[in-house]
Amino acid sequence: MKYLCLVCFDDATLAALPPAERTALNRESLAYDDELDRGGHLLAAQALQSVREAACVRVRNGRTSVTDGPFAETKEQLGGFILVEAHDMNEAIRLAAGIPLARLGTIEVRPIYEIPV
Amino acid sequence: MPSAGAIDVGTLYRTESRRVLATLIRLLRDFDLAEDALNDAFLAAAEQWPRDGTPANPRAWLVSAGRFKAIDRLRRRARFDAMEAEVAMRIEAEAEEDGSERDDNAIPDDRLRLIFTCCHPALAPEARIALTLREVCGLTTEEIARAFLVPTTAVAQRIVRAKARIRDERLPYAVPEPAKLPARLDAVLRAIYLVFNEGYSASSGVAVTRADLSGEAIRLGRLLVELLPEAEARGLLALMLLQESRRAARTSPEGELVLLPDQDRSLWDRSQIAEGRALAAAVAEQECAAGPYALQAAIAAAHAAAARAEETDWPLIARLYAALERIEPSPVVALNRAAAIAMAEGPAAGLARMEALRASGALASYHLFHAARADLLRRVGRFADAEAGYREALALARQEPERRFLERRLAEVRNAIAAV
């Protein structure tokens with residue numbers, strides 16, 4: 001079954017890390033993607049640029065409007081995602097717990113909803 | 001080139017994965033590491049066996065592969081966390097000493113350790129069941145949640161907490177020593193029977209029974225008897241088989257509840273009855289002091305022995321309930337004994353006992369008590385009191401088929417009052 005792991009953390013926490021630690025964290029995150037891939041779990045994984053680069057798009061009555069910044073102003077923001085294939089929710093949780101950023105932030109694990117055709 | 005007798009890895013996962021997992025937990029001393037290792041081992045098998053042929057000892061191969069994949073995984077993690085390297089070294093050292101995984105038969109069946117660990121008294125009762133169903137039976141979190149009508153996340157949390165508890169309190173991954181075995185076995189039997197009962201009679205909802213859980217419980221019961229042929233384990237298996245044998249007769253084609261006296265006994269599963277009765281009899285023979293499950297099995301066997309409800313040996317059943325009450329007194333047992341005495345000696349005798357129970361208040365919120373008492377009141381012609389009893393039962397009953405049954409009884413009694 002598929003689960004989406006939304007990697008959420010406070011940008012400020014990350015920015016406060018000494019550069020060496022930040023580099024190590026990046027390397028560890030990439031290494032973990034590899035581990036997931038080796039285990040046949042990785043479907044997709046990406047880090048996201050800062051929410052300052054976000055654009056929110058809405059279409060109402062045929063009009064498109066664009067606002068800058070995130071959808072919701074929260075302390076922890078979406079910083080990346082990993083789409084995994086897991087046996088069940090507990091395995092998805094186990095995989096999420098291994099994500100290095102889980103130590104700094106929160107991983108929201110969402111079971112994928114397969115829209116019926 | 002795959003060998004002529006190539007085993008389908010998918011099938012092998014279904015039949016062997018639990019056993020391989022149980023052994024990996026012992027070797028790696030960590031549930032999560034073992035789960036990763038199991039996954040890796042089966043991945044490797046799926047990749048290599050079509051190419052190299054199926055090994056002579058598939059289970060041994062999987063255990064060995066899992067162990068070495070775990071070491072690799074820990075070594076890679078050690079680049080970021082030095083502690084992992086120590087764990088990797090320990091596992092590797094133990095792997096070198098241990099020659100057992102050449103041969104499938106040399107690997108002990110570690111599932112018994114797993115069952116006892118999952119049912120450890122230090123864990124919350126719901127957690128024991130969730131953990132056992134997932135780790136020993138291989139159910140998914142989602143399947144367990146659906147079966148017990150709770151949210152998936154709730155089950156997931158229970159399992160995560162349980163595993164953390166096992167780790168934090170260093171619960172030993174072992175079969176308890178003889179002195180502790182009876183109490184620990186009781187926890188296991190209790191968990192299995194809870195699963196069975198959840199499947200036998202759903203606590204609320206539309207259907208009377210959920211077949212999958214009962215089947216799972218019986219499979220677990222069989223495994224337990226295979227690995228630990230204790231009398232109470234066999235007693236529980238006998239009890240479950242005998243109760244399960246009546247599944248087809250318990251509901252009418254329209255989904256209505258059919259009580260034991262009214263069931264079409266030709267719908268009872270003969271092979272389950274034969275097996276259950278044989279087990280119950282064997283236990284009765286060997287034990288001078290029968291345990292609660294053995295006694296309950298004997299009661300179920302007595303019902304199964306009657307070709308028609310009228311032939312039921314009620315005095316025997318009343319005696320068995322008396323014995324059960326002596327070793328495991330409870331209001332419910334007292335109630336069942338009262339009902340049996342009513343059948344053996346007449347409703348007045350049973351009613352007297354039920355009045356005592358009513359006075360104690362112990363069964364005030366148990367709908368079956370009110371229904372049973374109402375039934376006896378009806379049989380002695382005290383229709384007004386019976387009506388009150390059925391109404392009390394209805395106020396407490398949650399299952400649809402049970403509610404409809406009680407409503408029918410209530411209607412009958414009201415007609416009887418009107419006819420007077």
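How many salt bridges are there between chain A and chain B? The count is five. This is a predicted model. The contact between the chains involves 18 residues of chain A and 22 residues of chain B.

**Chain A as a whole**

- From the N terminus, the elements of chain A follow the order β-α-α-β-β-β-β-α-β.
- The C-alpha trace of chain A spans about 45 × 45 × 20 Å along its principal axes.
- Chain A has 117 residues, and 36% of them are buried.
- Among the contacts in chain A with a separation of 6 or more, 73% join residues 24 or more positions apart.
- Chain A has an accessible surface of about 7400 Å². Carbon and sulfur atoms account for 56% of that surface.
- The side chains of chain A include 12 positive and 17 negative ones. The centres of these two sets are 5 Å apart.

- About 1600 Å² is buried between chain A and chain B. Carbon and sulfur atoms give 49% of this area.
- Three residues, A:Glu35, A:Asn90 and A:Arg94, supply 37% of the area that chain A buries against chain B. That is more than any other three residues supply.
- The size of an interface is often given as the accessible area lost when the parts come together.
- One of the five salt bridges between the chains pairs the side chains of A:Arg94 and B:Asp36. The distance from N to O is 2.4 Å.

- A:Arg94 sits in helix 3 of chain A, which covers residues 89-97.
- Is A:Arg94 buried or exposed? A:Arg94 is buried, because its relative accessible area is 11% and the cut-off for buried is under 20%.
- Leaving aside residues up to four places away in sequence, A:Arg94 touches A:Tyr32 in chain A.

**A:Gly80, a strand residue**

- A:Gly80 belongs to strand 5 of chain A, residues 77-85.
- A:Gly80 has a relative accessible area of 5%, so this glycine counts as buried.
- Which residues does A:Gly80 touch, not counting those up to four places away in sequence? They are A:Cys5, A:Leu6, A:Val7, A:Gln46, A:Ala47 and A:Leu48.
- A:Ala31 lies 49 residues from A:Gly80 along the chain. The C-alpha atoms of the two are separated by 15 Å.

**Two places in chain B**

- Helix 5 of chain B runs over residues 111-118. Seven of its eight residues are buried, so helix 5 is largely enclosed by the rest of the structure.
- The buried residues of helix 5 in chain B are B:Arg111, B:Leu112, B:Leu114, B:Ile115, B:Phe116, B:Thr117 and B:Cys118.
- B:Ala322 is part of helix 15 of chain B, residues 314-327.
- B:Ala322 counts as buried because its relative accessibility is 13%.
- B:Ala282 is 40 residues from B:Ala322 in sequence. In space the two are 21 Å apart, C-alpha to C-alpha.

How values were computed. Residues numbered from 1 in each chain as written. Chains lettered and ligands numbered in written order. Predicted model: local features only at pLDDT ≥ 70, side-chain atom pairs only at ≥ 80, totals over all residues. Heavy atoms only, no water. Helix = DSSP H or I, 4+ residues; strand = E, 2+ residues; numbered from the N terminus. Buried < 20%, exposed > 50% of the residue type's maximum accessible area, 1.4 Å probe, protein only. Contact = heavy atoms within 4.5 Å. Areas by Shrake-Rupley, 256 points an atom, 1.4 Å probe, with all protein chains shown as cover. Lys, Arg positive; Asp, Glu negative; His and termini not counted. Charge placed at Lys NZ, Arg CZ, Asp CG, Glu CD. Buried area = accessible area lost by both parts, 1.4 Å probe. Salt bridge = Lys/Arg side-chain N within 4 Å of Asp/Glu carboxyl O.
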